[in-house]
Structure formats: C-alpha cells, structure tokens
Amino acid sequence: MAAEKIPYKIYLSEEELPKNWYNVRADMKNKPAPLRNPGTGAPMGYDDLRPVFCDELIRQELDDDTREIPIPEEIRNFYKMYRPAPLVRAYCLEEKLQTPAKIYYKFEGNNTSGSHKLNSAIAQAYYAKQQGLKGVTTETGAGQWGTALSMACSYLGLDCKVYMVKVSYEQKPFRREVMRTYGASVTPSPSMETEIGKKILAEHPGTTGSLGCAISEAVEAATSNPGYRYVLGSVLNQVLLHQSVIGLETKAALDKYGIVPDIIIGCAGGGSNLGGLISPFMGEKLRGERDYRIIAVEPASCPSFTRGKFAYDFCDTGMVCPLAKMYTLGSNFIPSANHAGGLRYHGMSSILSQLYHDGYMEAVSVEQTKVFEAAEAFARVEGILPAPESSHAIRIAIDEALKCKETGEAKTIVFGLTGTGYFDMVAYEKFHNGEMTDMIPTDAELEASFAALPKVPGLE
C-alpha cells in the first residue's frame, strides 16, 4: 500500500483487542535463569514466593512454556477504557528531519496515569482482589507505576501503599497528589517507616534514593502486614507478560497495512515497556520467521545493559528479595538524581537480559541533555510532550532516521512512546535554563559496586 494512504493514526477496534497475553519465554531456547534463594542459592518455586507475591502472579512468573495466557474478561473490559492505543505515523517528524525513513510510534499515554503501566497494574490488582487480599504495596520511580496502581486499586477497592523514590517525590509533587487522589498512601523512600529504610539512611545519609531502596521498603511492608502482597511495575516475567498487549496491538496495526518494521526501539529501565513492545516481533525472530533490529535505549547515568555485568544479584538495595540473573550495576548502586526516574533501576529484566546476552537485541546509552533535546524537537512537531523515559527512544529513533537521510535508505522505524511528561516540568525547566548536567558513573564507581555482587555457592 502506498505510504500516502497510511493514516496518521492506525486504530484497532475493541473486538481486535488481544484476548491473550503472549509469553515470549515459550519461544526462547535459553530460558531466563530462575530466581534463587540468597542464602542457599537454590531455585525458588511457588511455595517460596507465596509470602511476597499473589498466587496467580507466581504461576505466571514461573511459566516458561505456555505461549498464550488468556486475559480475564474483567481485565479486558478495563482495558477497553483506554485501549486499543493508537499507532501513529510521525509524518511531521519525518518532514522536519527530511528523512526517507518511515517513523511510527505506539502511544501509551491515553490514560490518567500517563503511561503504559496501567496494563500490568490492573492485572496485578485483579489477581490480588481474586485472592481476597486487603491491599498491596509497591515502589515507584518517576511515579507512573504508582499512579497506575493507585488507579487500579481504587477501581477494585484495594488498599495501596506506595514507596516513591525520594528525588522523584520531591521533584514531582503533583504526581504524588494524583496517587493520593486515587486513595494511595505515598511515602518518600528511603524512609524511617521500615527497618530497611532506617538502615539505608544510616549507611547513605542524605541519599536521594533509588528503585532498589524503595523495593526493599515495599517488600518489608507487605511481609509485615497480614493481607498484603507486594507487586512490581517492571523487571518481573509476569509484568512483561501483561505488557505484551503493547506489542500485540502494534503488530496487528502494522499488519493491517502490510507494514514490516526494520528497526524497533524502546527505552529500557527495568524492561516493562521494551519487553511489551518487542514481544511478538521477538517471537518471530526466535522462531526464525522474520528478522528485526531491536534496540534498547538506557540512560548513560544508569547503564545496566551497556556497562553492567550479567550475573545473579539482589533485586533490591536492602537485599531482602530473591536473586535474579540479569544485567546489573550492583544492588547497592544508587544512580545520580537524573530526571528519567522510571529508568533509575540498577538491573534489567531477566528475560531481556537473556535475549541481549544471546545476541537477539542491541543496547545503547544516551546522555540526559541529548534526550531532552530530542524530547523538545519531538514535542514541537508531533504535538505531544513526551515523558523523559520515552524520550530516550525518541533520541535513537531520530538518530536512526538521520542515518537514513545520509544513506538514502527508507527504513521503517517503530518506537514506544510510553507516556506523557506533564509531571516532569521541573526537568524541562532545568533543561531550558541550561542547568541540566550529564552525570555518568566512573569505571571505579561501577567496579566498587560490582565487588559487592553476592557470592553464593553454585551460582555462575
């Protein structure tokens, strides 16, 4: 079909909303390594994880073989309030760049949380409700996940306790207030509310916090309060499963017009957006049906893929969670207070880590100032103010489109626009005032963090 006949926005109907989540692990030859007990090194099974996670979510977490998992009708009905999300042809950006490349982005910001996080939040809250729990605890970085979970819990009548990374809590007061509007309690992390929080503050006075710190506090709160479980907005296998609706919709929209992408780009923090976006395309690649160039984009201030080690590590700073094999900077690594709060995690999804390790995808890191240059350029021509996290993908999409301009190749580029940046105006202000700096960890800092990686007998 001729390019000029492709609409600006490709919509699917409600009937075309996916009925099943896609589990990419079913097509992986090398499965993600199992979670392990930090004391013994033994793989952790269903019974081991029950004190922390919801029962059905544990089953999804451990299922490496079921390719399609049905989406409960209640969750599909909730999805219909804001899904299917549009796939947008970035004609205006293409014109501005004067590139022969064809650029598409999957926009996930059409809900109050402002991001893709609601896709998994409603699923996790639903299973907690089905189990008869009173409430859930969680952490949040930039605030999108906390906002999404507070919305889901409000809808289902569950209590929601959120530990928000302190720097984001201070920089984004209005994001905090949205969570409180939906009934959540929000605590800056690390805090004096938990024993782990007190310990972290004693060891790192004045720390701005990290997702690893907030996870530790949320897990402690869940395990010390009867009727509560901990839920996580990224990294875990179950989360990437729920987020596969992004990629499934993207592929269905492209298939409508016979469009086959050459390059697929997503920002990478813990892996939820990237994993969801690429899932069906990665499935085709794993099965040998089609090839794509897949690029993960992370901040230079927290470069898990590009400078991390593929090793077993704690998922949290307080070292109370299971060990996961992933690309990691070390659980005690606390990133600089950059503004892509949702990408400030020390490790990466075990699924994505294995795929990256096996050579199925690439990774690049970018400096914050370059990210905001791309965000501003995109906003001025496409009319959407992008979240800083999403803008990492925008940066590389623009760079790849400019390469096409040089070579004359009309490649098709698809990237994930995970959400909007309306609660990130402090960051935009610093960028416009010339006050934004690029904080990049030194090799010495990373080596000091790597030296503290857990040494458990029998672990590679």
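Student: How many nonpolar, polar and charged residues are in the lining of the largest pocket?

Tutor: Count Ala, Val, Leu, Ile, Met, Phe, Trp, Tyr, Cys and Pro as nonpolar, Asp, Glu, Lys and Arg as charged, and the others, Gly among them, as polar. Here the lining has 7 nonpolar, 1 polar and 9 charged residues. This is a predicted model, where local features need pLDDT of at least 70 and side-chain atom pairs pLDDT 80 or more, while totals for linings use all residues. Residues are numbered from 1 along each chain, and side-chain values use heavy atoms, without hydrogens and water.

Student: How much space lies in that pocket, and which residues are closest to its centre?

Tutor: A pocket is an open set of points on a 1 Å grid over the protein atoms alone, where a 1.4 Å probe fits, with protein on both sides within 12 Å along at least five of seven lines; lining residues have an atom within 4 Å of a point. The largest one holds about 270 Å³. Of its 17 lining residues, Asn20, Tyr22, Glu68, Leu248 and Pro280 are closest to the centre.

Student: Which element gives the largest share of the lining?

Tutor: Elements are DSSP runs: helices (H or I) of at least four residues, strands (E) of at least two. H12 leads with 5 residues.

Student: How do the axes of H6 and H8 cross?

Tutor: Axes are lines fitted to C-alpha atoms over the stretch in contact, with angles from 0 to 180 degrees between N-to-C directions. Helix H6 (residues 144-156) and helix H8 (residues 173-181) have axes that come within 8 Å and cross at roughly 15°, so H6 is roughly parallel to H8 (angles under 35 degrees).

Conventions: Points joined across faces, edges and corners; volume = space filled by probe spheres on them. Parallel < 35°, antiparallel > 145°, perpendicular 65-115°, else oblique.
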